[in-house]
Amino acid sequence: MARKVSTRRKVVMTAVAWALGILIFFPILWTFLTSFKTEADAIASPPQFLFFHWTTQSYAEVQSRSNYLNHFMNSVIISFGSTLIGLVIAIPAAWAMAFSPTKRTKDLLMWMLSTKMMPPVGALIPIYLMFRNSGLLDSRSGLVIVLTLINLPIIVWMLYTYFKEIPGEILEAARMDGASLLKEIIYVLTPMAVPGIASTLLLNIILAWNEAFWTLNLSASKAAPLTAFIASYSSPEGLFYAKLSAASTMAIAPILILGWFSQKQLVRGLTFGAVK
């Protein structure tokens, strides 16, 4: 039987939740407001929150100086491409670990997760040299490959967790009906794990979209995504806060919209199997 929660406790928990939400969202709101300021208003002291001269001058200058659409398409291709390739590799791998485990499965999972603990700069020089020698520097395909490998441990771990919640008897029944391994994965396992696969897809698109270290070091102009688009407004002459905020707003707007419309699916997938 569920424990009754008092009204006072509900009010306190709601207030704390709102406070945390505002605290987390405030930097995004401040960036959005700064993007509509002039450079003088952006560095004014004390800061001006709402009562300033609103202008779209920074957006016009950013659009005239940079090819936003090209950076946007690079981000879309790199983030979606690396995530889809990662899913193609990770679904069979997670199936094998979840339904045909060996005594080394847990060690392998921990080793995959441990690779995320290594500082990216530790692998930058060898990867840079390999990309330079193979002609993958400043190319979409090169960034797709490196982001696939970087996020693959997370994809495998998430899918493994979701697959473990699926009763193995259902797959055994499919085998008894004559389903091959490929059909078992495509027609039985995958449809049952759609919430988990969808949340994995969305989360890794966000991770790939926001990846800055590798995209800044392995791209220059042709394959530069929106992270490089933002970084281009930090120059030796100084930080132009209004233009930098405008560029940041234009870069994060697509992924914020995607997250807003897919939040129910994302939450459903992330809590898949949590309630018995």
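Me: Accessible areas here come from the Shrake-Rupley method with a 1.4 Å probe. What does the accessible surface of the chain come to, and what part belongs to carbon and sulfur atoms?

Reply: The model is predicted. Its chain has an accessible surface of about 16,600 Å². Carbon and sulfur atoms hold 70% of that surface.

Me: How much of the chain counts as buried?

Reply: The chain has 276 residues, and 37% of them count as buried. The cut-off is under 20% relative accessible area.

Me: Why does Ser248 count as buried?

Reply: Its relative accessibility is 15%. Buried means under 20%. The value falls under the cut-off, so Ser248 counts as buried. Ser248 is found in helix H13, residues 241-261. Beyond its neighbours within four places in sequence, Ser248 is in contact with Thr31 and Ile230.

Me: Met250 is also placed in helix H13. What makes Met250 buried?

Reply: Met250 has a relative accessible area of 13%.

Me: What makes the phi of Asp138 worth a note?

Reply: Phi of Asp138 is near 55 degrees, a positive value, and the residue is not glycine. Most residues other than glycine have a negative phi. Asp138 lies in the loop between helix H6 (124-134) and helix H7 (140-164).

Me: Why does Asp138 count as buried?

Reply: Asp138 has 16% relative accessibility. The cut-off is under 20%, so Asp138 counts as buried.

Me: How do you know that the reach of helix H1 is close to what is expected?

Reply: H1 covers residues 7-34, which is 28 residues. The expected span is 1.5 Å times one less than the number of residues. For H1 that expected value is 40 Å, and the helix reaches 39 Å from its first C-alpha to its last.

Me: Where does H1 bend, and by how much?

Reply: H1 bends by about 40 degrees at Phe25. Pro27 follows within four residues.

Me: How many positive and negative side chains does the chain have?

Reply: The chain has 21 positive and 12 negative side chains. Lys and Arg count as positive, Asp and Glu as negative. The centres of the two sets lie 8 Å apart.

Conventions. Residues numbered from 1 in each chain as written. Predicted model: local features only at pLDDT ≥ 70, side-chain atom pairs only at ≥ 80, totals over all residues. Heavy atoms only, no water. Buried < 20%, exposed > 50% of the residue type's maximum accessible area, 1.4 Å probe, protein only. Charge placed at Lys NZ, Arg CZ, Asp CG, Glu CD. Helix = DSSP H or I, 4+ residues; strand = E, 2+ residues; numbered from the N terminus. Bend = angle between axes of the 7 residues up to and from the residue. Contact = heavy atoms within 4.5 Å.
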